[in-house]
Amino acid sequence: MRSSPHRVSDVMTRAVVAVGRKALFKDIVERMEQWNVSALPVLEGDGRVVGVVSEADLLPKEEFRDSDPDRFTQLRRLSDLAKAGAVSAQELMSAPAVTVHADAALAEAARIMARRKVKRLPVVNAEGLLEGVVSRGDLLKVFLRPDNDLADEIRRDVVDPLFPAPVEPVHITVTEGVATLTGRVPDATRIPLAVRLVRGVEGVVAVDCRLTAADGQRPAR
């Protein structure tokens, strides 16, 4: 049984603005403003990603611009204070970069972003060379899939393989991303699996399962 095919490569941005290690502070800010991005990959050599400079890396310069932090703050914010005095991407960047591969599932990319508290991930190949960037907004693009496409995938990849001979036809409707399944099937034990697989289809917002078994029973949820 096939799973929903969406990968990072399906939604990532391939035209990426980046900087080198020697890029200066003002140039980094100007590029972020020009391209309306919150972070830039830092590259070296033939395009290998060695770090990322984000808005969070730049803000300490303004935060500590006219302040004289006490000893406790100095110890607690040592890294930020160092970045407050930085002038180049080499000094500012967070390294090693948090990256993802193009063939990673969207759920994996979302987990990495959440766990590492980042908004954008450089997409790299096996050699660490930059192939694109995926953002939180890119991951949400799957929820723009047409309802008809979702219904077709649910039919093809879930319902037909699980219930090849239903007692009554299984009807699938998708409205605003909410998938509703109705009908009677011979095996009640497969209904929870169907719900789980439909929920896993990229772009499905929720599942309303109204399937019943041949004996009229619906499994406990």
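In which sense does H2 pass H3 in their crossing, left-handed or right-handed? H2 passes H3 in a left-handed crossing. A crossing counts as left-handed if the near helix is turned anticlockwise from the far one by less than a right angle, and as right-handed if clockwise.

Some ground rules come before the tour. This is a predicted model, in which local features need pLDDT of at least 70, side-chain atom pairs count only at pLDDT 80 or more, and totals for chains, interfaces and linings use all residues. Residues are numbered from 1 along each chain as its sequence is written, and side-chain values use heavy atoms, with hydrogens and water left out. Helices (H or I, at least four residues) and strands (E, at least two) are DSSP runs, numbered from the N terminus.

Back to the helix pair. The axes of H2 (residues 25-35) and H3 (residues 55-63) come within 11 Å and cross at roughly 125°. Axes are lines fitted to C-alpha atoms, for helices over the stretch in contact, and angles run from 0 to 180 degrees between N-to-C directions. H2 and H3 are therefore oblique to each other. Under 35 degrees would count as roughly parallel, over 145 as roughly antiparallel, and 65 to 115 as roughly perpendicular; the rest is oblique. Phe25, Ile28, Val29 and Met32 of H2 make the contact with Glu55, Leu58 and Lys61 of H3. Contact means heavy atoms within 4.5 Å.

Pro96 sits in the loop between helix H6 (89-92) and strand E4 (100-101). E4 pairs with E5 in the parallel sense over 2 bridges. Two strands pair if DSSP finds at least two bridges between them. His101 stands opposite Val124 in E5.

Lys117 lies in the loop between helix H7 (106-116) and strand E5 (120-124). Lys117 has a positive phi of about 60°, although it is not a glycine. Its relative accessible area is 71%, so Lys117 is exposed. Here exposed means over 50% relative accessible area, buried under 20%, and partly exposed in between (1.4 Å probe, protein chains only). E5 is mostly covered, with 4 of its 5 residues buried. E5 also runs antiparallel to strand E6 (residues 130-135), joined by 5 bridges. Arg120 stands opposite Ser135 in E6. The hairpin of E5 and E6 has 5 residues between the strands, and there Gly128 takes a positive phi near 85°.

Next comes an open sheet of 3 strands, in the order E7-E8-E9, with mixed pairing. E7 and E9 (206-213) are the edge strands, each pairing on one side only. From one strand to the next, the twist averages 10°. Glu176 is in the loop between E7 (171-175) and E8 (178-185). Glu176 has a positive phi of about 55° and is not a glycine. E8 and E9 pair in the parallel sense over 8 bridges. Ala179 stands opposite Val207 in E9.

H9 (residues 147-162) lies across E7 and E8, running at about 145° to E7. H10 (residues 191-199) packs on the sheet, touching E8 and E9, and its direction makes about 160° with that of E9. The buried residues of H10 are Ile191, Ala194, Val195 and Val198. They cover an arc of only 100° around the axis, which puts them on the same side of H10. The arc is that of the directions from the helix axis to the C-beta atoms. The buried residues of H10 pack against H9, E8 and E9.
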